[in-house]
Amino acid sequence: MDQIAGHITNYRNLRSACAREHDIEASWHEIHYYKEGGGVERLKERFFPSASTYVSGVMRGAWEVRQALRARREYDAILTNASVGVFFSPVFRSIPTMIDFDSTPVQIDSMAAYGKSADPWPLGRLKRRLSKRLLNSATVLQAWSNWARKSAIDDYGADAAKIVVNPPGVDLGFWHPAPTAPLQKRPFRILFVGGDFRRKGGHHLLDWHSTQSASPCDLHIVTREDVEPRPGVVVYRDMKPNTRELLQLYHDCDLFVLPSLGECFGIATVEAMAAGLPVIASDVGGTADIIDPGRNGYIVPAGSVTELGSAIEAIMGDTARCNRMGVESRHIAEERFDLAANARTTFAQLRRIARRPSVTVVDRNRVASNQG
């Protein structure tokens, strides 16, 4: 499982849910694309210091997937979301495999916010061929959204019959609404959670806020990037995911906003909904599967500060609407994003495709040593 951005949270959630599936012996392997002092990284620095870190990252990830598959003869089924899985299609074709994906390479390349330049023609053609071969090698494809599913079919010719749309869930027992209503005699509080501040559109939220000198509104920003606090803006750079501190911050706020310029699937938006907040997000990635406009929030055009501000002000200026949308957010989270239910769908698919349909084993939860 890739250890990148939102995939880390999904991996940890899925692993926690799997521990309760007593008929599954899960061997978990974390796939990283950088290791401080690792052999791949030392070779790059010694012999190819000017080479792109992208190349060494691919080498690192491919090495770790190879290590994870050393015991493949023991496996009855494989679940993976590793982007370097494109190099292991023959293995995935020989063992029943579920490919889990939030997007396709075509979709990522189409979003300038990810900072990727267009691939040279030969490389682009090779990447598409490898990706198509990977999707066709899988027994079942698990897409996080209908947006991702459509690209797999339209851009890579994937068989629609083997695609299951099953988004990542959140622990609804942990992510729950505040036990009491927020105090009214304080500024309206807007929450932003995004490690990549600019890609997540945080600067557009700041641009809007800078025009609100006459409005009692505070921004609470959770990010790993260096954002300067200012009057009415509180920045948290050491907030950890899935912690009581983060949950309390959700409870202390009135509205969640994620105006991303590049996004595949906003798990933080789902957490906010489970915590009972109305939500606003931009029209990128799988957002259409998360927010029902007018019911639990709004979807706005990416990059439009004007549209973003109008949506925020519509909720901020109407307490009854804000409260109603928060209640609906929780209902949608329960309907679509229950970790227990969605994880059961994943495990049921793995049981269905497994070489041995019934096994009696003990969960070992082994993690690869990531040698190299």
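Two strands are taken as paired if DSSP finds at least two bridges between them, and in this predicted model four bridges join strand β3 (residues 97-101) to strand β4 (residues 140-143), the two running parallel. Within this pairing, Met 98 stands opposite Val 140 in β4. The points below cover the sheet, the nonpolar cores and the aromatic contacts.

**Sheet**
- Four strands, in the order β2-β3-β4-β5, form an open sheet with parallel pairing.
- Because β2 (78-80) and β5 (163-165) stand at the edges with a single partner strand each, one side of each is left without a neighbour in the sheet.
- From one strand to the next, the twist averages 20 degrees.

**Nonpolar cores**
- The largest nonpolar core has 57 residues, and those with the most contacts inside it are Ile 190, Tyr 250, Phe 256, Ile 280 and Ile 312; helix α10 (residues 267-274) gives the most to this core, with six residues.
- Leaving aside residues up to four places away in sequence, Ile 312 touches Ile 190, Leu 205, Trp 208, Leu 255, Val 257 and Ile 280.
- A second, separate core of 27 residues includes Ala 82, Val 84, Leu 130 and Ala 148.

**Aromatic contacts**
- The structure holds seven aromatic pairs; in one of them, the rings of Phe 192 and Phe 197 have centres 5.4 Å apart and planes at 70 degrees, so the pair is edge-to-face.
- The rings of Phe 265 and Phe 337, with centres 6.2 Å apart and planes at 65 degrees, are therefore also an edge-to-face pair, and this pair links distant parts of the chain, 72 residues apart.
- Phe 265 is buried at a relative accessible area of 6%, and Phe 337 is buried at 1%.
- Ring pairs link Phe 174, Trp 175, Tyr 250 and Phe 256 into a cluster.
- The charged end of Arg 128 sits over the ring of Tyr 156, 5.7 Å from its centre.

Technical notes:
Residues are numbered from 1 along each chain as its sequence is written. This is a predicted model: local features need pLDDT of at least 70, side-chain atom pairs count only at pLDDT 80 or more; totals for chains, interfaces and linings use all residues. Side-chain values use heavy atoms; hydrogens and water are left out. Axes are lines fitted to C-alpha atoms, for helices over the stretch in contact, and angles run from 0 to 180 degrees between N-to-C directions. A nonpolar core is a set of buried Ala, Val, Leu, Ile, Met, Phe, Trp, Tyr and Cys residues joined through side-chain atoms within 4.5 Å. Buried means under 20% relative accessible area, exposed over 50%, partly exposed in between (1.4 Å probe, protein chains only). Contact means heavy atoms within 4.5 Å. Rings of Phe, Tyr and Trp (its six-membered ring) pair if their centres lie within 6.5 Å; planes under 30 degrees apart count as stacked, over 60 as edge-to-face and the rest as tilted. A charge sits over a ring if NZ of Lys or CZ of Arg is within 6 Å of the ring centre and within 35 degrees of the ring normal.
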